[in-house]
Amino acid sequence: MICLSCGYTLDGLQVHRCPECGRAFDPFNSRTFGPIARRTLSETEVRWLGRLYWMLAAIALGVFAPYLNYALAWVVLGHQPIPSADDPKFIRGIGWVRDLCMGWMILAVPVAVLASAVPLVIAMNAKNKRSALWWVVQAALPLVGVATLIAFRGRVMVWFAD
Ligand SMILES: [Zn+2]
């Protein structure tokens with residue numbers, strides 16, 4: 001049996017109160033506790049999934065690669081890059097940066113989806129609601145990044161896609 005509030009396993013307790021959140025239960029009244037013992041991830045599993053998340057999230061940052069390319073081109077050109085005039089592929093010395101940034105950006109979009117799935121897996125197996133909520137917030141971040149890129153197709157993106 002598990003706690004109705006936080007999902008903590010209540011088997012074998014002396015006191016009929018959840019040690020995690022303090023909710024009382026009656027072992028002889030099945031309406032006061034949940035039926036199935038939920039499997040929660042171990043600390044080690046959460047740690048490894050957390051690392052995987054940060055790795056994927058770092059790749060997902062590539063959605064902002066066009067901005068990096070733009071900033072670099074600005075420095076090299078000595079003026080703000082102008083769409084159609086300063087073709088990112090043919091800027092002296094850094095033409096290859098555009099290919100790199102393009103590859104990173106294309107890779108970043110599917111990876112952002114993956115990076116969001118990992119914290120959701122952790123959230124579904126989290127020990128308590130607060131920890132689950134924190135992982136849901138982290139799951140949202142990569143998707144917010146992609147949405148930002150799509151929402152603000154400004155001067156930088158026009159120049160980059162040139
Ligand atoms: Zn509880």
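In the predicted model, the axes of helix α1 and helix α3 (residues 95-124) approach within 8 Å and cross at roughly 160 degrees. The two helices, α1 and α3, are therefore roughly antiparallel to each other, an angle over 145 degrees being assigned to that class. The crossing in which α1 passes α3 is left-handed. On the α1 side, the contact is formed by V46, L49, L52, Y53, L56, A57, I59 and A60. The α3 side contributes L107, A108, V111, A112, L114, A115, V118, P119, V121 and I122. Classified by residue type, the contact of α1 with α3 comprises 18 nonpolar residues, with no polar and no charged ones.

Helix α1, which spans residues 43-60, also packs against helix α4, which spans residues 129-151. The axes of α1 and α4 come within 10 Å, and the crossing angle is roughly 15 degrees. This angle makes α1 roughly parallel to α4, the limit for that class being under 35 degrees. As α1 passes α4, the crossing is left-handed. Residues Y53, A57 and A60 of α1 meet Q138, L141, P142 and G145 of α4. The composition of the contact between α1 and α4 is five nonpolar, two polar and no charged residues. Y53, A57 and A60 of α1 take part in the contact with α3 and also in that with α4.

A further packing pair involves helix α2 (residues 65-77) and α3, whose axes lie 8 Å apart at an angle of about 165 degrees. This arrangement makes α2 roughly antiparallel to α3. The crossing of α2 and α3 is right-handed, whereas that of α1 and α3 is left-handed. From α2, the residues A65, P66, L68, N69 and L72 meet V97, R98, C101, W104 and M105 of α3. The contact of α2 with α3 divides into eight nonpolar residues, one polar residue and one charged residue.

With regard to overall architecture, the protein chain contains five helices and zero strands, and its pattern along the sequence reads α-α-α-α-α. The radius of gyration of the protein chain is 24 Å, well over the 15 Å given by the globule rule for 162 residues, so the chain is more spread out than a compact globule. Along the principal axes, the C-alpha atoms occupy a box of roughly 75 × 25 × 20 Å.

The domain assignment divides the protein chain into domain 1 (1-38) and domain 2 (41-160). The C-alpha centres of domain 1 and domain 2 are 42 Å apart.

Conventions: Residues numbered from 1 in each chain as written. Predicted model: local features only at pLDDT ≥ 70, side-chain atom pairs only at ≥ 80, totals over all residues. Axes fitted to C-alpha atoms, helices over the stretch in contact; angles between N-to-C directions. Helix = DSSP H or I, 4+ residues; strand = E, 2+ residues; numbered from the N terminus. Parallel < 35°, antiparallel > 145°, perpendicular 65-115°, else oblique. Left-handed = near helix turned anticlockwise from the far one by under 90°. Contact = placed C-beta atoms within 7 Å. Nonpolar A, V, L, I, M, F, W, Y, C, P; charged D, E, K, R; others polar. Domains from an automatic or database assignment. Rg over C-alpha atoms; globule rule 2.2 N^0.38 Å.
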